[in-house]
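Please read them with the structure open.

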Amino acid sequence: MINKAFEPFARNAWYLAAWSEELEDSPVGRTIMNEPIVFFRDANGRPAALEDRCCHRGAPLSQGRVVESGIECGYHGLIFDGYGICVEIPGTDKVPPQTMVRSYPLVERQEFIWIWMGDPGQVDENMVIDFPFHDQPNKWPHRKDMFLIKSNYIMMIDNLMDLSHLGYVHRKTIGGNPSAHVAAEMEVTPTETGVRYVRWMLDAPSPPSYVKAANLRGNVDRWWDLEYVVPSSVLQWTGAINTGKGAKENQDQPGFHTRVFHGATPETENTFHYFW
Ligand code: FES
Ligand SMILES: [Fe+2]
C-alpha cells in the first residue's frame, strides 16, 4: 500500500529497468524506487521482474539461479515462474496456491526493458516511449551503458535540459567554444508529454569531439535538440553540418549526427540508475 502523502516517486509511468542484453543466463538484482527486484529471462526468452525476496524465508532471489521453469531460490530451492507463481517446492508435490511473490509488468522494446512501478490496473503499453533509432544500428550505431549516480534522478533531467554548462564542463570535447553556447538561438516547445527545445549555434567552430569523430573541421551550424518526456526520459538529437550548406533547412546531410536516449530511473530518493 502506497502512502501517497510521502510518495516521492511518480509511479504510474514506465521506467528503464535494464538493457535487453543484460538479461542472459543469470538473474540481475536491481533496486528501483526502494524496491529490490530480480530480473531474468524465462525459458521462452520472456523477461520477468519479481520482488527480490523469496516468500519462504526472505532470501534474495537474485542470489539464486535461472532454471527451466523459472528462478530457483538459492536458499531452499523453491522455484518461481516469470509471473511470480511458485511452481515447485522441493520435497512435496503440493504447492499452496498463495505461494507467490510480486511480479512487475515489463515491456521489452528497441533494446530496452521498461518496468511499470505503479498501479497494475493502469498499465498502458502505449505510454512506452518510441525510439526507433535503436532499430537502425547501421545508421545509428550506439554504445549501451548504465551508471549508478548519487543524486535524486531529477538532477539528471535538470542537467540535460539546461545545456548552458556545455561550453564549460565539456569545452574540450562536445562543448567547444562557450561563447557559441551563450549566443545560441533557443526555441522551446511544450509537448503532450513534456517539453522540447532546439538550440542552434550558427557559424560556430566545430567542437573538438566532432573534429575527432567525424573529421568535421572549420565552422559549422550546430544544433542540440532535446525532448524531456515525463517523468524520467530525455531524447537527444545533436548534430553539425559545415556552415553554408543550409543545415537549418536540411539536417539530413553529411556532418556529425548523434542520437542518445537518456533514462534516469530512481533507485532511492538519493540515487538513480542512469541509462544512456
Ligand atoms: S528462502 Fe527461498 S526457498 Fe527458502
Ligand atoms: Fe554535460
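1. Two domains make up the division of the chain: domain 1 covers 9-128 and domain 2 covers 146-275. The model is predicted. Taken over C-alpha atoms, the centres of domain 1 and domain 2 are 35 Å apart.

2. The domains touch. On one side, 17 residues of domain 1 make contact, and they meet 14 residues of domain 2. Between domain 1 and domain 2, about 1,300 Å² is buried. Carbon and sulfur atoms give 69% of that area. Within domain 1, the residues that lose the most area to domain 2 are Phe9, Tyr15 and Leu16. Together these three account for 38% of what the domain 1 side buries.

3. What polar links cross this interface? The count between domain 1 and domain 2 is 6 residue pairs in polar contact, with both residues at pLDDT 80 or more. Salt bridges across the interface of domain 1 and domain 2 number 0.

4. Which strands supply the domain 1 side that touches domain 2? β1 (14-19), β2 (28-32) and β10 (112-116) each provide at least two residues. β1 gives the largest share of that side, with 6 residues.

5. The metal site comes next. Two histidines coordinate the iron ion (ligand 2): His165 and His170, each through NE2. The distances are 2.1 to 2.2 Å. Are these two residues buried or exposed? His165 has a relative accessible area of 17%, so it is buried, the cut-off being under 20%. His170, at 24%, counts as partly exposed.

6. Look next at Gln236. This residue sits in strand β15 (residues 233-242). Gln236 is buried, with 10% relative accessible area. Its side chain makes a polar contact of 2.7 Å with the side chain of Thr238. Leaving aside residues up to four places away in sequence, Gln236 touches Trp224, Asp225 and Leu226, and also Thr258, Arg259, Val260 and His262.

7. Now the charged pairs. Side chains of opposite charge can pair when their charged atoms come close. The structure holds 12 salt bridges. One of them joins the side chains of Glu185 and Lys248 at 2.7 Å, N to O. This pair links distant parts of the chain, 63 residues apart. Glu185 is in strand β12 (residues 185-190), while Lys248 is in the loop between β15 and β16 (256-266). Glu185 is partly exposed at 38% relative accessibility. Lys248 is also classed as partly exposed, at 40%.

8. Arg109 and Glu125 form another salt bridge through their side chains, at 3.9 Å, N to O. The bridge counts because the N to O distance falls within 4 Å. Arg109 belongs to strand β9 (residues 106-109), and Glu125 to the loop between β10 and β11 (146-149). The two are 16 residues apart, and the pair links distant parts of the chain. Arg109 is partly exposed, with a relative accessible area of 30%. Glu125 is partly exposed too, at 44%.

9. Last, the pair Arg11 and Glu7. Their side chains meet in a salt bridge of 2.9 Å, N to O. Arg11 counts as buried at 12% relative accessibility, whereas Glu7, at 23%, counts as partly exposed.

Methods. Residues are numbered from 1 along each chain as its sequence is written. Chains are lettered from A and ligands numbered from 1 in the order in which they are written. This is a predicted model: local features need pLDDT of at least 70, side-chain atom pairs count only at pLDDT 80 or more; totals for chains, interfaces and linings use all residues. Side-chain values use heavy atoms; hydrogens and water are left out. Donors are N, O and S atoms within 2.8 Å of the metal (3.2 Å for Na, K and Ca); water is not among the atoms, so sites may look incomplete. Buried means under 20% relative accessible area, exposed over 50%, partly exposed in between (1.4 Å probe, protein chains only). Domain bounds come from an automatic or database domain assignment. Contact means heavy atoms within 4.5 Å. Buried area is the accessible area (1.4 Å probe) that two parts lose on being put together, summed over both. A polar contact is a pair of N or O atoms within 3.5 Å; within protein, one must be able to donate a hydrogen and the other to accept it, and residues adjacent in sequence count only if both atoms are side-chain atoms. Helices (H or I, at least four residues) and strands (E, at least two) are DSSP runs, numbered from the N terminus.
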